[in-house]
Amino acid sequence: MSKLGFIGLGIMGAPMAAHLIKAGHEVFLNTRSTVPADLLTGHAKACGTIREVVEQADIIFMMLPDTPDVAKVLFGDNGVASALSQGKTVVDMSSISPMDTKEFAQKINALGCDYLDAPVSGGEVGAKAASLTIMVGGPEAAFERVKPLFELMGKNITLVGDNGDGQTCKVANQIIVALNIAAVSEALLFASKAGADPAKVRQALMGGFASSRILEVHGERMIKRTFAPGFRIGLHQKDLNLALSGARTLGVALPQTASAAQLMQVCAANGMQDLDHSALVRALELMAHHEVA
């Protein structure tokens, strides 16, 4: 059994930490608000500071909203870096900038510690079911050491390459997901506006080449109007902005990604940034003066 730290216990982080606790590991917990009471079982302990977590844990996981949050937790006053001792491992499972990730890794490596970027896909459902896809960047030896812990939280676990490559893979994932949500939104809106039953259209499409996980899960959300967040529009906006800023640096064009980002901006501008990203359909509905339902 390992001594683990977990920093960031939101929609995703809490169930991920719960799987580590359930497996019998000693887990030291810290989050911006209050540590959920249902996590304080077995060998789990709530810590008042990040420093307290790092001093007691050998492997420290982070699950945070954005790049500035990770930077603050790592290098702020009494942050992770201030308490690291040689030989420990830092694992960032947030979805953040690949370029900044490379800089973070270099700084942690300079302290004699390993760094893995290991963003995830699968949303709240995957976090609760321990079925997340985990995309990892970093040294192979560190990956093999942490892999048994990843297997408690996910199913499809891949060492993509060096530090930053896990985050690059996650950005690519978010491009595909966003474009699929936009495609399903347009298709169901078109069908509904034309007078067809969108639920039956979705059912028919699920048996053909247009079938996808997005059509299955998010298509149902659009029809049933269940937009409570599994993954918030505001967070997906952040990921698409990472894609577009990266594209500028690389000198490539991502026109469909830009379009999806603008649809999410329409939602955010209308106060929907905290809804599930399947609510992207609302941007198209506003323009069409018609709801998919």
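## Reading one residue, then its surroundings

Mentor: Let us start with aspartate 276, which is located in the loop between α12 and α13; here helices (H or I, at least four residues) and strands (E, at least two) are DSSP runs, numbered from the N terminus. Residues are numbered from 1 along each chain as its sequence is written, and side-chain values use heavy atoms, with hydrogens and water left out. This is a predicted model, in which local features need pLDDT of at least 70 and side-chain atom pairs count only at pLDDT 80 or more, while totals for chains, interfaces and linings use all residues.

Trainee: Is aspartate 276 buried or exposed?

Mentor: The general idea is a set of cut-offs on relative accessible area, computed with a 1.4 Å probe on protein chains only: buried means under 20%, exposed means over 50%, and partly exposed lies in between. Aspartate 276 has a relative accessibility of 1%, so this residue counts as buried.

Trainee: Which residues is aspartate 276 in contact with, leaving aside its neighbours within four places in sequence?

Mentor: Contact means heavy atoms within 4.5 Å. With those neighbours set aside, aspartate 276 touches His218, Arg221, Phe227, Ala228, Pro229, Gly230, Phe231 and Ile233.

Trainee: With which residue does aspartate 276 form a salt bridge?

Mentor: A salt bridge is a side-chain nitrogen of Lys or Arg within 4 Å of a carboxyl oxygen of Asp or Glu. The partner of aspartate 276 is arginine 221, and their closest N and O atoms are 3.8 Å apart. This pair links distant parts of the chain, since arginine 221 belongs to helix α10 (residues 213-224) and the two residues are 55 residues apart. Arginine 221 is also buried, with 19% relative accessibility.

Trainee: How many salt bridges does the count come to?

Mentor: The count is 12 salt bridges, and one of them joins arginine 51 to glutamate 55, with closest N and O atoms 3.1 Å apart. Both of these residues lie in helix α2 (residues 50-56), four residues apart, which is about one turn of the helix. Arginine 51 is partly exposed at 29% relative accessibility, and glutamate 55 is partly exposed at 47%.

Another of these pairs is glutamate 285 with arginine 282, whose closest N and O atoms are 2.9 Å apart. These two are three residues apart in helix α13, so about one helical turn separates them. Glutamate 285 is buried at 2% relative accessibility, and arginine 282 is buried at 18%. Salt bridges also link Arg225, Arg282, Glu285 and Glu291 in a network.

Trainee: What should I notice about the phi of arginine 225?

Mentor: Phi of arginine 225 is near 60°, a positive value in a residue other than glycine. Arginine 225 is found in the loop between α10 and α11 (233-250) and is partly exposed, with a relative accessible area of 25%. Alanine 130, likewise not a glycine, has a positive phi of about 55°; its place is the loop between α6 (123-129) and β8 (132-137).

Trainee: Which residues of helix α5 are buried?

Mentor: They are Pro98, Thr101, Phe104, Ala105 and Ile108. To see how they are arranged, one takes the arc of the directions from the helix axis to the C-beta atoms. Viewed down the axis of α5, the buried residues fall within an arc of 110°, so they line one face of the helix. The face turned away from this buried side carries the exposed residues Met99 and Gln106. Among the elements that cover the buried residues of α5 are α3 (67-75), β5 (89-92) and α8 (165-193).

Trainee: How many disulfides are there?

Mentor: A disulfide is a pair of cysteine sulfur atoms within 2.5 Å, and by this rule the count is zero. The cysteine sulfur closest to that of cysteine 47 is in cysteine 113, and it is 18 Å away, too far for a bond. Cysteine 47 is buried at 5% relative accessibility, whereas cysteine 169 is partly exposed at 27%.
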